[in-house]
Amino acid sequence: MPKLGYRAHNLGRRPLEELADSLSQHGITSIQLALAKALSDLPPDDIAFAADYARKVRHALDARGIRIAVLGCYINPVHPDEESREKALSRFESHIGLAEDFGCAIVATETGSLNPDSSYNPSTAHVMVGVEAVATRHTVDSIDKMAALLN
C-alpha cells in the first residue's frame, strides 16, 4: 500500500487528539506539521513550547501510525524589522532544538521577503546565499552531498 503524506493544516486548526484522529481516518501516515497552523491547543507561548509537549505530539501521532516528516516553521527570516526578524529566528531555533523530540529530522521554513507582509520585493532577489561544504566535519561534507543539496 502506498504511503500518503499530507500538510496537517490542510485539515484545519484543531486540538491535537482531534487532528491525529482525523489524519488517521484519512489514512495519512506522514505529515508536514506547522504547529501554529495545525494545532489549536498549543501552549500559550508557541515560541517556548517544551520538549514534553513535543513528545506528547509525537506520541499522539505515533499511536496512530503517523510520523512527522517535516516540522514546518513559517517565518520571514529577512523581515525588515529587526525585532520581528529576531523573534522569528528565535522561533525557528526553538523548532530546530525540539525536532528530535517531535521525531523529525527536517525543519522547514520559507525564504521570506524584505516586505513585512512577505509579498514579492524585487530587492530580495539580489541576495545570494553561499553554502560551504567542510570535508569530514559538517553535515554537507562531500561533493555528492553538495550536489544533493543543490538539486
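Which residue of β2 is the bridge partner of Tyr6? It is Ile31.

1. First, the basis. This is a predicted model, in which local features need pLDDT of at least 70 and side-chain atom pairs count only at pLDDT 80 or more, while totals for chains, interfaces and linings use all residues. Residues are numbered from 1 along each chain as its sequence is written, and side-chain values use heavy atoms, with hydrogens and water left out.

2. The sheet is open, with four strands in the order β1-β2-β3-β4 and parallel pairing (strands are DSSP E runs of at least two residues, helices H or I runs of at least four, numbered from the N terminus; a pair needs at least two DSSP bridges). β1 (5–7) and β4 stand at the edges with a single partner strand each, so one side of each has no neighbour in the sheet.

3. Three bridges join β1 to β2, five join β2 to β3, and two join β3 to β4. Gln32 stands opposite Val70 in β3, and Leu71 has Val107 of β4 as its bridge partner.

4. In β2 (residues 30–34), five of five residues are buried (under 20% relative accessible area, 1.4 Å probe, protein chains only). Ser30, Gln32 and Ala34 point one way, Ile31 and Leu33 the other.

5. Do look at α4 (residues 82–102): a kink of about 30 degrees is centred on Ile96 (the angle between axes fitted to the seven residues ending there and the seven starting there). Gly103, with a positive phi near 80 degrees, follows α4.

Conventions. Buried < 20%, exposed > 50% of the residue type's maximum accessible area, 1.4 Å probe, protein only.
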